[in-house]
Structures are given as C-alpha cells and as structure tokens.
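The following account is intended for a reader meeting this structure for the first time. Please view the sequence and the model together before reading on.

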Amino acid sequence: MRVALFLTCVNDTLYPDTGRAMVKLLTRLGVEVDFPMAQTCCGQAHYNTGYRHEAEPLARHFSDVFGEYEAIVTPSGSCGAMVRELYPRMGERARAEGRGGSLATAVASVVPKTYELTEFLVDVLDVTDVGAYYPHRVTYHPTCHGLRGLGLGDRPRRLLEAVRGLELAELPGAEECCGFGGTFALKNPDVSAAMGTDKVRNAESTGAEVLCAADNSCLMHIGGTMARLRTGMRPVHIAEILASTEEEPAS
C-alpha cells in the first residue's frame with residue numbers, strides 16, 4: 001500500500017520526530033510512505049477563527065496534493081477532523097451560497113481516505129500489536145477531535161495495551177478537554193490554563209512517567225503545564241511509542 005504522510009503544520013515545525021516515528025512504524029508494517037513536499041496547512045486555524053473563505057484555497061490545494069494516494073495518514077486528530085468533517089461542510093456551504101459545486105467535488109476524493117494514525121492501523125491494516133516495546137508507565141489522554149470528531153474510541157488504547165513492557169494507567173477525567181482548543185487558548189488564556197492544570201494534576205495522580213496522546217497540539221499545551229508545575233512527567237505522541245522497539249527504543 002502506498003500512503004501519503006500528512007504531517008500538519010505543528011508537527012512539521014515543532015515535532016518532526018513524530019513524523020519520523022510514523023515513517024519508521026508504517027515502513028516496519030510493510031507500508032510505502034511518501035511525504036508530498038507541496039503539502040501546506042489544511043486551513044483549520046483559518047476556519048476555526050471565522051475565515052472560512054480564506055480556508056477554501058487550502059482545501060483545494062490539499063485535494064490537489066493528496067488526491068492520487070490510496071490513503072492519507074496523519075498524526076493529528078484535529079487536522080484529520082478538519083478534512084473529514086469540515087471540508088464537506090465547506091463544499092456544501094459554497095454550493096448553498098451560489099458559488100457552484102467545484103469545492104465539494106474537489107474534496108470528495110480525499111475525505112473518505114484521510115485517516116488518523118491509530119484508525120489507519122486498526123481499521124485499514126487490521127493490526128493492534130505493531131511489535132512495539134516501551135517499558136514505561138503511561139497514561140492516555142483522548143483528545144477532543146479524536147474522541148468526538150473522528151470517533152477513535154478505544155483504538156489508541158488497544159494499540160497501547162499490546163505494547164510490550166508498557167504499563168497503562170487509567171487517567172481520571174480522561175474525556176475532559178485539556179484546555180488547548182487551538183485559538184481558544186489564546187482568546188481565553190485563564191480558562192485554558194485552569195483546564196490544563198486540572199488535566200495535569202489528574203495525570204500526575206496516576207503515577208505515570210508519560211502522558212500519551214494522538215495530537216501534538218494538545219501535548220504541547222499539556223507539556224507546557226507539566227513544565228510549569230514541575231511534575232517530572234513528559235508528554236509523548238503515541239506514534240513515538242508505537243515506533244519504539246527493543247532494538248531501537250524511544251526514551
């Protein structure tokens with residue numbers, strides 16, 4: 001299978017190790033991975049801030065760049081949800097505004113084949129044991145877009161439970177938002193910080209060394225809170241855990 005890695009802006013700029021981990025993991029599972037160099041922002045930041053029309057060229061560009069691939073795999077539930085949930089909505093809104101159906105047609109080819117990493121592994125590759133080894137106590141935070149937008153359910157947990165050496169600790173209040181929410185954290189910093197503190201205190205109560213999630217934007221927010229509270233915990237993307245092996249262990 002030949003797939004495209006849709007890395008997203010945050011990962012490309014701040015967390016390239018997550019992209020490297022995805023390539024390592026998928027290659028180990030027999031998947032041919034391409035990184036289309038023409039990829040750009042999916043438009044989520046624009047759309048969520050109210051600039052829907054400005055996001056439309058980015059949706060068209062995404063379709064042009066990724067349309068030829070069998071599958072598009074991303075390490076971000078929020079950007080995955082942008083493509084799967086909001087691209088069709090943008091296309092229908094453009095049609096309703098009398099601007100034709102070209103946008104809806106353009107995105108129709110990429111929407112059904114865009115997957116967040118864990119759903120690609122479980123639903124498409126039909127695998128939960130990816131041969132990973134990670135000898136640490138870990139707690140898992142299900143991010144909002146993955147949980148509510150994409151409906152990832154227990155897929156990430158099933159993958160983590162199959163990792164050798166990993167001890168999975170239940171996170172109290174797991175389904176509560178961490179407080180990031182993209183521009184929400186900028187517009188409502190005090191509320192965002194309070195929500196982040198609640199999340200980190202709950203994580204700290206588990207005795208875990210690592211808090212794991214499937215979206216680095218949320219991990220960035222949680223990790224910053226961990227550092228300010230001096231918890232000694234660290235945030236790690238699930239791709240980096242799943243890519244880790246005894247021969248090439250992740251920290």
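The model is predicted, so local features need pLDDT of at least 70 and side-chain atom pairs count only at pLDDT 80 or more, while totals for chains, interfaces and linings use all residues. Residues are numbered from 1 along each chain as its sequence is written, and side-chain values use heavy atoms, with hydrogens and water left out.

An unreviewed UniProt entry lists residues 3-83 and 138-222 under "domain: Cysteine-rich"; UniProt positions are given in the numbering used here, feature names are shortened, and annotations may be inferred rather than shown by experiment. Over residues 3-83 the chain is 57% helix and 12% strand, with the end C-alpha atoms 16 Å apart. For residues 138-222 the figures are 48% helix and 12% strand, and the end C-alpha atoms lie 15 Å apart. Helices (H or I, at least four residues) and strands (E, at least two) are DSSP runs, numbered from the N terminus.

The open spaces come next. On a 1 Å grid over the protein atoms alone, a pocket is an open set of points with protein on both sides within 12 Å along at least five of seven lines, whereas a cavity is a set of points where a 1.4 Å probe fits but cannot get out; lining residues have an atom within 4 Å of a point. Grid points are joined across faces, edges and corners, and a volume is the space filled by probe spheres set on the points.

The largest pocket holds about 560 Å³ of space. It is lined by 29 residues, of which Gln44, Ser78, Phe180, Gly182 and Ser217 are the closest to its centre. At least two lining residues come from each of helix H1 (9-14), helix H3 (44-48), helix H5 (77-96), helix H8 (144-149) and H12, and H12 gives the most, with 4 residues. Domain 1 (1-122) and domain 2 (135-241) each contribute at least three residues to this lining; the domain bounds come from an automatic or database domain assignment. By class, the lining of the largest pocket has 13 nonpolar, 15 polar and 1 charged residues. Here Ala, Val, Leu, Ile, Met, Phe, Trp, Tyr, Cys and Pro count as nonpolar, Asp, Glu, Lys and Arg as charged, and the others, Gly among them, as polar.

The second largest pocket has a volume of about 180 Å³. Among its 13 lining residues, Asp17, Ala21, Glu240, Ala250 and Ser251 are the closest to its centre. Helix H2 (16-28) and helix H13 (238-243) each supply at least two lining residues, and the largest share, 4 residues, comes from H2. This lining comprises 6 nonpolar, 2 polar and 5 charged residues.

The count of cavities of 30 Å³ or more comes to 1, and the largest cavity has a volume of about 30 Å³. Its lining consists of Tyr140, Pro142, Thr143, Gly146, Leu147, Leu152, Gly153 and Ala214, divided into 5 nonpolar, 3 polar and no charged residues.

Two loop residues remain. Asp126 is not a glycine, yet has a positive phi of about 55°; its place is in the loop between helix H7 (117-124) and strand E5 (137-140). Asp126 counts as exposed (over 50% relative accessible area; under 20% is buried, in between partly exposed, with a 1.4 Å probe and protein chains only), at 67% relative accessibility. Arg230, in the loop between helix H12 (216-229) and strand E8 (234-237), likewise has a positive phi, near 55°, in a residue other than glycine. Arg230 is exposed, with a relative accessible area of 75%.
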